[in-house]
Amino acid sequence: VDGMDLLPMLPEPEHQFKKSDSKADDYYGSNASMLLEIGVLEPRGQFADLIVNMLEQRGGKSLGALAWRHGIDHAYLYGYLLNCLQRNRPREAVLGLYGWMAYGMTRNTYSGAEVTYHRLGDPCATFPHTFSSCEQMRLLLDMLIRPDGDELYLAQALPDSWLEAGKVVAVREAPTPFGKVGYRIK
């Protein structure tokens with residue numbers, strides 16, 4: 001579409017993509033990110049590259065979340081953010097976490113909302129949205145401790161402010177494929 005290679009993953013993916021004016025801020029973008037999440041694509045392979053390029057170059061991201069029409073949908077960018085960690089791009093994960101906390105949660109209950117019209121600060125009537133809340137917790141866990149095959153990444157994506165003098169980051173008895181793991185950074 002418009003000179004950009006597109007990974008076919010939906011029936012008539014070109015139609016879905018054109019329906020959103022060739023942007024990634026609709027169902028095609030959310031499904032693309034979820035495809036990265038399920039682990040069937042090599043994280044640095046050509047098909048993952050097609051998805052990452054489409055999200056990054058076609059308006060698929062806003063404030064660390066999935067751009068969704070005239071708002072953001074923070075749950076459905078987790079696959080992209082996980083892929084950023086797999087590519088050792090931790091800043092995107094930090095932006096994702098902070099964007100989700102600032103714009104993807106209701107003001108009164110601090111629960112995740114599926115879509116937030118962030119320019120107005122209003123969530124649509126889809127809260128509490130437990131899937132969104134779970135994806136936010138998964139991202140935080142991956143930032144702190146992330147198993148990947150036979151490797152275990154500790155503190156891969158910590159915000160700089162968490163590492164200032166006098167602050168402590170700690171993980172205790174986190175279950176991993178290698179057994180329970182903990183660490184403390186002061």
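The legends below describe close-up views of one predicted model.

In this predicted model, local features need pLDDT of at least 70 and side-chain atom pairs count only at pLDDT 80 or more, while totals for chains, interfaces and linings use all residues. Residues are numbered from 1 along each chain as its sequence is written, and side-chain values use heavy atoms, with hydrogens and water left out.

View A. Strands (E, at least two residues) and helices (H or I, at least four) are DSSP runs numbered from the N terminus, and two strands pair if DSSP finds at least two bridges between them. Strand 1 (residues 61–62) pairs with strand 2 (residues 65–68) in the antiparallel sense over two bridges, and Lys 61 stands opposite Leu 66.

**View B. Strand 8 and strand 9 form a hairpin.** Six bridges pair strand 8 (residues 169–176) with strand 9 (residues 179–185) in the antiparallel sense, and two residues lie between the strands. Val 171 stands opposite Tyr 183 in strand 9.

**View C. Helix 2 crosses helix 4.** The axes, which are lines fitted to C-alpha atoms over the stretch in contact, with angles running from 0 to 180 degrees between N-to-C directions, come within 6 Å for helix 2 (residues 27–37) and helix 4 (residues 78–86) and cross at roughly 45°. The two helices are therefore oblique to each other (angles under 35 degrees count as roughly parallel, over 145 as roughly antiparallel, 65 to 115 as roughly perpendicular and the rest as oblique). Ser 33, Leu 36 and Glu 37 of helix 2 make the contact with residues of helix 4 that include Tyr 78 and Leu 82, where contact means heavy atoms within 4.5 Å.

**View D. Helix 4 packs with helix 6.** The axes of helix 4 and helix 6 (residues 130–144) are 10 Å apart, at an angle of about 5°, and the helices are therefore roughly parallel to each other. Among the residues in contact are Tyr 78 and Leu 82 of helix 4 and Arg 138 and Leu 139 of helix 6.

Key: Left-handed = near helix turned anticlockwise from the far one by under 90°.
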